[in-house]
Amino acid sequence: MGKPYRPKDHYFQKAKQEGLRARSAFKVDELIKRFPMVKKGHVVLDLGAAPGGFLQILADAVGGTGQVIGVDIVAIRPFTQRHVRTAVLDVLADDFDAKLTALHDGLFDAVISDMAPKTSGIKATDEARSLRLAGKALELAQKRGRPGSSFVAKVFMGGDFEDFRDQVRALFEEVKVVRPEATRGASMEVYLVGLRRKAPSEGAPPAS
Ligand SMILES: C[S@@+](CC[C@H](N)C(=O)[O-])C[C@H]1O[C@@H](n2cnc3c(N)ncnc32)[C@H](O)[C@@H]1O
């Protein structure tokens, strides 16, 4: 049986004590400790970054020589560290790619998505919406990830999850499905982790 849902559980309290903006910070902390994805000097894109728990961990991981760019449809309280930049953007909007390029026009060492749709309560609808967001994150990893870069996307299990995992496998040398410790008991979410993005000549489809 899964862990029961407790809104103010251990991780909530721990986040509060440690000055973290969200309990989800522990999830990305676990992921980057388990897999060597984010290093000093890296440039990382954080999709669905509000209120900024992931950003706090990623900012420390890349350090002052790196950069973290966090975007969300809701505003993110500004960071004092100059290597953290945030913007209010909808990744599904037609002009998103152009706006992202205006923020950073180079390649990313990691594309990380914790995006989650507003849930409707209808399982199939919520899974499809979650996969649409994760699909957009993968498209960005394909277009803007450097060869050797990493990818993380939260997805709700079910629906076309396996198809999506195959798409991630086509672009990355190694793919892991991870359910971090800090995930709430009843949650259907997992993180797909892609390690070592293939270069286009290694079989990855060319970015359009
Ligand atoms: C679980 S929260 C992210 C928590 C964040 N990682 C943190 O540590 O603070 C999911 C986020 O996805 C964002 N989101 C959902 N749809 C989005 C979209 N189309 N474009 C950008 N962000 C989106 C939501 O606004 C929400 O803030």
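**View 1. The right-handed β-α-β unit.** Here β4, α5 and β5 come together as a right-handed β-α-β unit; a crossover gets that label if, with the strands pointing away from the viewer, the path from the first strand over the helix to the second runs clockwise. Helices (H or I, at least four residues) and strands (E, at least two) are DSSP runs, numbered from the N terminus. What you're looking at is a predicted model, where local features need pLDDT of at least 70 and side-chain atom pairs count only at pLDDT 80 or more, while totals for chains, interfaces and linings use all residues. Residue numbers start from 1 along each chain as its sequence is written.

**View 2. β4 between its two partners.** Strands of a sheet pair through backbone hydrogen bonds, either parallel or antiparallel. β4 (residues 108-113) pairs with β5 in the parallel sense over five bridges, and four bridges join β4 to β1 (residues 43-47), again running parallel. Have a look at Val 111: Leu 45 stands opposite it, and its bridge partner in β5 is Phe 151. Further pairs to pick out are Leu 47 with Ser 113 of β4 and Ile 112 with Val 152 of β5.

**View 3. β5 and its antiparallel partner.** β5 (residues 145-156) is mostly covered, with nine of its 12 residues buried. Six bridges join β5 to β7 (residues 189-197), and these two run antiparallel. Val 152 of this pairing has Val 193 as its bridge partner in β7. Over in β7 you'll also find Arg 196, which has a positive phi of about 60° although it is not a glycine. Arg 196 is partly exposed, with 16 other C-beta atoms within 10 Å.

**View 4. Helix against helix: α5 and α6.** Helix α5 (residues 123-144) and helix α6 (residues 161-171) pack at about 10°, their axes 11 Å apart. They are therefore roughly parallel to each other (angles under 35 degrees count as roughly parallel, over 145 as roughly antiparallel, 65 to 115 as roughly perpendicular and the rest as oblique). From α5, the contact takes in Leu 131, Ala 134, Gly 135, Leu 138, Ala 141 and Gln 142, and from α6 Phe 164, Gln 167, Val 168 and Leu 171; residues are in contact if their C-beta atoms, placed from the backbone, lie within 7 Å. By class, that's seven nonpolar, three polar and no charged residues, where Ala, Val, Leu, Ile, Met, Phe, Trp, Tyr, Cys and Pro count as nonpolar, Asp, Glu, Lys and Arg as charged, and the others, Gly among them, as polar.

**View 5. The covered helix α2.** Seven of the 10 residues of α2 (residues 25-34) are buried. Those are Ala 25, Phe 26, Lys 27, Val 28, Asp 29, Leu 31 and Ile 32. Their cover includes α1 (10-17), α3 (53-62), β4, β5, β6 (172-178) and β7.

View 6. Gln 67 belongs to β2 (residues 67-72) and is buried, with 23 other C-beta atoms within 10 Å. Leaving aside neighbours within four places in sequence, Gln 67 is in contact with Val 43, Val 62 and His 83. His 42 is 25 residues from Gln 67 in sequence but 6.5 Å away in space, C-alpha to C-alpha. Also in this view is the loop between β1 and α3, the place of Pro 51. The peptide bond from Ala 50 to Pro 51 is cis, with omega near 5°.

Methods: Axes fitted to C-alpha atoms, helices over the stretch in contact; angles between N-to-C directions. Contact = placed C-beta atoms within 7 Å. Buried ≥ 20, exposed ≤ 12 C-beta atoms within 10 Å, placed from the backbone. Pairing = 2+ DSSP bridges.
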